[in-house]
Amino acid sequence: MAALAEARHGDPFAMLGPHGDHVLALLPEAAEVWLLRPRAKPLPMQRHPDFGALFIARHDGAKPYRLRVAPPAGDPYEIDDPYRFAPLLGEIDEYLIGEGTHRHLWRALGAHLVRHGGAEGTHFAVWAPNARRVSVVGDFNRWDGRVHPMRRRGATGVWELFLPGVAEGAVYKYEILGTDGALLPLKADPVGFGAELPPRTGSVVRRPGGADWQDDDWLAGRAARNAIDAPISVYEVHLGSWRRSSDGGRPLSYLELADQLVGYADWMGFTHIELLPVSEHPFDGSWGYQPIGMYAPTVRHGTPQEFAALVDAAHRRGIGVIADWVPGHFPTDAHGLGRFDGTALYEHADPKEGFHTDWNTLIYNYGRAEVSNYLIANAAYWLEEYHLDGLRVDAVASMLYRDYSRRAGEWVPNKDGGRENYEAIAFLRQMNRLVYGQVPGILTAAEESTAFPGVSHPVDRGGLGFGYKWNMGWMNDTLSYMQKDPVHRRHHHNQMTFAIAYAWSENFILPISHDEVVHGKGSMLGKMPGDPTAKFANLRAYYSFMWTHPGKKLLFMGQEFAQGREWNHDAGLDWHLCDRPDHRGVQLLVRDLNRLYRDLPALHRDDCRGEGFEWLEADDAERSVFAFVRRGGAGDAPVVVVANFTPVERRGYRVGFPAPGRWSEIFNSDAAVYGGGERGNGGAVATEPVAWHRQAQSAPLTLPPLGVIVFRQG
């Protein structure tokens, strides 16, 4: 019995439960314990003389039994001995976990509600290879780590235990002793499917995924909706501040959002909703970008099933759902992944590789197979269990480069002495390869702000394998141009044209995201120069230029109706502004732009191919005028777009057209319904056989001040 010394600080699973003709039970708070057997009298268990918390009885362990426990005070109660149940993890699970290739890791690890050995309960499993002991603790055992030490599963580093009677909603954590026997802070479950409402930090036993999916038709056809030749117009949303309730200003629930948010996005004509990270995070001010519960939809808005209902509601309205995903770093909170088993397990040990000074966060060790597996399986988890249509990967540049935001001497070069992070690159390629192969029809998008080549190129051609890349260069250049007084724009004309020089190098999304309306940057309306009338006209013209420019579209919430103040994550949007004609006009303009973009193949089919674009006028810097043709496939009518970024109405401005005849003015950002002055071309123009802009025919146009007009033949 010398091995029982491990019962206090080591591996008690080796002795607890039925063993041969004995049963051993570890019950630290029991005064007396009896072994209950079918059709037999209760058998008193003897307290071990050296280990007072350990009780022993002679019994054939193959036969069923329960325990009756008499506490020092109060009535006796009966329990199932968790150590009488056989382990649940199989050899294949162990092999794949050890190899770092378990594609459905969440089905092996985490807390799963199961029926096992005739009892209902929860199976817990966690990876902590360097721990001396791991115990699951919660209200069900008075948070006493001596009560339920877990079983170690061979060399995998996984610990598991089935606890009968632990039901859905139970709060739990893991108590871990490091290799030196030191007790670590209680840890949340890295693969927990639920969490307590912050600031509490416990994991909660939940069932992952949806319970009543009704989106089979959507899933069958979504590949076409996510393709590069499809119209993709994304409404980026922070769920906690999109709208607040009228009864006290609380954030809306997932079920309320399934009605209100989905209905609004549908009315506005967006094809997709993109959610700022929904995985559980301790600090509201991180907006979800410093997650700890990577497998748990945040409880701030409801249960996992209610989150699934939100996704399902969007699908039934014909809207895709993308979520921001953060595999680049994680916070240092004591209950999180940092030094999870007393060692640098998920992160690098060297802070030059494993610590972000900008964000005070830890960096995943992508070169460790189990860590890479943890993250890749997490990507698949959201796509499979919650039917998400895509993942937008945050801060990819910070992953690709070892010297990201570091000075000389503060980073570790790769094996070739360079700055590229080979392990992160391999991780991203592996992630994209797996999710595109495992979950048909989805998309991935990279927020990547550098010129790293091939971000949206296939892995087998040397790319990272993303479906799309955010065009941060286009955003920075064009916003810089729009913020200038129109009198100075002629000196910066190339800021609006330069993006076409590289537009086909990646599959681009044009993003006006939350990052442009935080940290003192003001609102989109506030960035525009001039008096209030000019600000609205500039913003309408900018959005119109964006929606007609090659590339998929993304707009952060509130900007579609020209919210005047900077975004505040602690308050709802200023929806009352939609009652004002100027704000309502911008909202209707974005709605109509979505309709045009969706309905006209010329505006979306070749977003990512050069065949769909031709400059007509790219050099008229003096007048700040731009004109171009957008084309679709064979049989699709081309579209001519003309933009005037000065406050001067230009009459008789001649523009070449790619075909003769009547061209309808199908859109004018200066229309009265949008809050403009209704200056334009009376609904249509007829071309003349006058060669212009390398075209055989042309027409003199009236260009509205600070306006964009769109023509289609017919």
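**Close-up views of a predicted protein model**

**View 1. Strand β11 is a mostly covered strand.** Strand β11 (residues 133-138) is mostly covered, with six of its six residues buried, where buried means under 20% relative accessible area, exposed over 50% and partly exposed in between, using a 1.4 Å probe and protein chains only. Strands here are DSSP runs of E with at least two residues, helices are runs of H or I with at least four residues, and both are numbered from the N terminus. Arg133, Ser135 and Val137 point one way from β11, while Val134, Val136 and Gly138 point the other way, and all are buried. Six bridges join β11 to strand β14 (residues 171-177), and the two run antiparallel; two strands count as paired if DSSP finds at least two bridges between them. Within this pairing, Ser135 stands opposite Glu175 in β14.

This is a predicted model, in which local features need pLDDT of at least 70 and side-chain atom pairs count only at pLDDT 80 or more, whereas totals for chains, interfaces and linings use all residues. Residues are numbered from 1 along each chain as its sequence is written, and side-chain values use heavy atoms, with hydrogens and water left out.

**View 2. Four strands make an open sheet.** The strands follow the order β1-β2-β6-β5, and their pairing is antiparallel. Because β1 (17-19) and β5 (46-47) stand at the edges with a single partner strand each, one side of each is left without a neighbour in the sheet. Strand β2 (residues 22-26) is joined by five bridges to strand β6 (residues 54-58), and Leu24 has Ile56 in β6 as its bridge partner.

**View 3. Strand β3 is joined to β7 and to β4.** Five bridges link β3 (residues 32-36) with the antiparallel strand β7 (residues 66-70), and Glu32 has Ala70 in β7 as its bridge partner. Two bridges join β3 to strand β4 (residues 43-44), again running antiparallel, and here Leu35 is partnered by Leu43. β3 and β4 form a hairpin with six residues between them, and Arg39 in the turn has a positive phi of about 55 degrees.

**View 4. Trp242 lies in the largest nonpolar core.** A nonpolar core is a set of buried Ala, Val, Leu, Ile, Met, Phe, Trp, Tyr and Cys residues joined through side-chain atoms within 4.5 Å. The largest one has 180 residues, and those with the most contacts inside it are Trp242 and Tyr543. Helix α7 (residues 369-385) gives the most to this core, with 10 residues. Leaving aside its neighbours within four places in sequence, Trp242 is in contact (heavy atoms within 4.5 Å) with residues including Tyr235, Leu252, Met557 and Trp575. Apart from this core lies another, of 17 residues, among them Leu616 and Tyr653.

**View 5. Helix α5 has buried residues that pack against several elements.** The 13 residues of α5 (residues 304-316) should span 18 Å at 1.5 Å a residue, and the end C-alpha atoms are 19 Å apart, which agrees; the expected span is 1.5 Å times one less than the number of residues. Among the buried residues of α5 are Pro304, Phe307, Leu310 and His315. The buried residues of α5 pack against elements including α3 (216-225), α4 (254-268), β20 (320-325) and α7. After α5 comes Gly318, whose phi is positive, near 80 degrees.
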